[in-house]
Amino acid sequence: MVRVLVGELPSAIGRTVTVKGWVNTLRLQSKVQFVVVRDHTGAVQVTHRRGGEQDALGELLRGLTVESAVVVTGRVVANPVVKLGGLEIVPERVEVVSAAEPGLPIGPETGAEQRLNWRFLDVRRPERRLVFEVQTTVERAMREVAAEQGCTELHTPKLMGTASESGAEVFEVGYFDRKAYLAQSPQFYKQMAIAGGIDRVFEIGPVFRAEPSFTSRHSTEFTGMDVELAWIDGVEDVMSFEERMLRRVLEQVAERHGEEIRQHWGVEVVVPELPFPRLTMAEAVEKLRGAGWDAEGVREDLDPEGERLLGALVAQETGHEFVFVTGFPASVRPFYHLRSAADPTVTDSFDLLWKGVEITTGAQREHRHGQLVAQAREKGMDARPEGPLGRYLDCFRYGMPPHGGFGLGLARVLMLALGLPSIRDAVFLFRGPNRLEP
């Protein structure tokens, strides 16, 4: 028979159907046997009344183990006593496709590291699988907005001949008779596309960072969502693009998954109002120091404590979960960020904080070749044509339009949207300094 998903069973009452899935729980009594079978759309109770010593089906069920893969054929019966949707299946035939070994290596109380060791079992749980259903919705919404805004989706190389940002944070790999590096960012290639006349660039792809960080929000490999926009009038154009995209993302997540997220994670998905609050770095620092952060007055940049506190202060004052922090000092920003015309010590850049966690760094880029070379040298970088920045700087020699963009970590968005305790739960297979398996 054609497979019927558990989520479709309410429309199949009175019919004989075939359900395929895993054994979720077993309650095998002497007279009645209850087996809960789960697929990716839900769980259903299979109820078998024992028929004595010649009951072959009863004997088969008695030998079942939790997480065995089974095919159940039977009649769907309405039963208001059953908590799982008020229906059950009275089985006619059960096939054990693949029996699970008794004694599972993980359970509901298993710690994070052991769960990661057995990730394929862990994601069978509905709340874990929900993460990837939400991820699908998030990416679909991002692509919708990008397409509506005229973006061209590109796939940039992940093997590079030179380090894209900091040589201390790259993975070096052998590449035939020379060295190569895993890309830390598609930044160089996004700007090359802008120089090539592709006005709006969009990419979702892997990013690699060789940071020995063990925090709940860092990983060595993650999926980045990157945008670059040409012919902008200022950095405000970039922030406006991102806030519209994130609003669409959260609208669709709330509509499609809001109830499940409340049920499994106890989190309410809030669709943000536009525009997001905006604070200059100077305003943010003044507000934070008034609340006791950086009492010595020595910090030029926000640390995680400052980000959390600022997010809480903005939420208290405005009711908003997001805040753009703009106008970072040039001393703490990359050489390619545009300096403010009003104050060259400040960049036309921003960070976006959500619930007190930084999810985005963005900026208007410096598009003038001479100024870019000067800023690179100011940072102590080798800006010679034959140096490591030579090919990057070439893109600015033959007419580069004003442009800007941002990068967004997909896993951080999922972690914050679902209220997950760690980024490890927001990716299928986590990669960190001490984890290369499974």
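Modeller: Leu159, Tyr175 and Phe176 make a nonpolar surface patch of about 370 Å². This is a predicted model, in which local features need pLDDT of at least 70 and side-chain atom pairs count only at pLDDT 80 or more, while totals for chains, interfaces and linings use all residues. Residues are numbered from 1 along each chain as its sequence is written, and side-chain values use heavy atoms, with hydrogens and water left out.

Biologist: What makes Leu159 partly exposed?

Modeller: Buried means under 20% relative accessible area, exposed over 50%, and partly exposed in between (1.4 Å probe, protein chains only). Leu159 has 43% relative accessibility, so the residue counts as partly exposed. Leu159 lies in strand S7 (residues 159-160); a strand is a DSSP run of E with at least two residues, and a helix is a run of H or I with at least four, both numbered from the N terminus.

Biologist: Why is the pair Glu59 and Arg62 called a salt bridge?

Modeller: The term requires a side-chain nitrogen of Lys or Arg within 4 Å of a carboxyl oxygen of Asp or Glu. The closest N and O atoms of Glu59 and Arg62 are 3.0 Å apart, so the pair meets the definition. Both residues lie in helix H1 (residues 56-62), three residues apart, about one turn of the helix. Glu59 is partly exposed at 36%, whereas Arg62 is exposed at 53%.

Biologist: What parts does the pair Glu307 and Arg217 tie together?

Modeller: Glu307 and Arg217 meet in a salt bridge at 3.2 Å, N to O. Glu307 lies in helix H8 (residues 304-318) and Arg217 in the loop between strand S10 (200-208) and strand S11 (221-230), so the pair ties together parts that are 90 residues apart in sequence. Both Glu307 and Arg217 are buried.

Biologist: How do you know whether Thr360 is buried or exposed?

Modeller: The relative accessible area of Thr360 is 0%, so Thr360 is buried. Thr360 is found in strand S15 (residues 357-364).

Methods:
Patches are made of residues with over 30% relative accessible area and no salt bridge: like charges are joined within 9 Å, nonpolar side chains (Val, Leu, Ile, Met, Phe, Trp, Tyr) within 5 Å. Accessible areas come from the Shrake-Rupley method with a 1.4 Å probe; for residues, only the protein chains shown count as cover.
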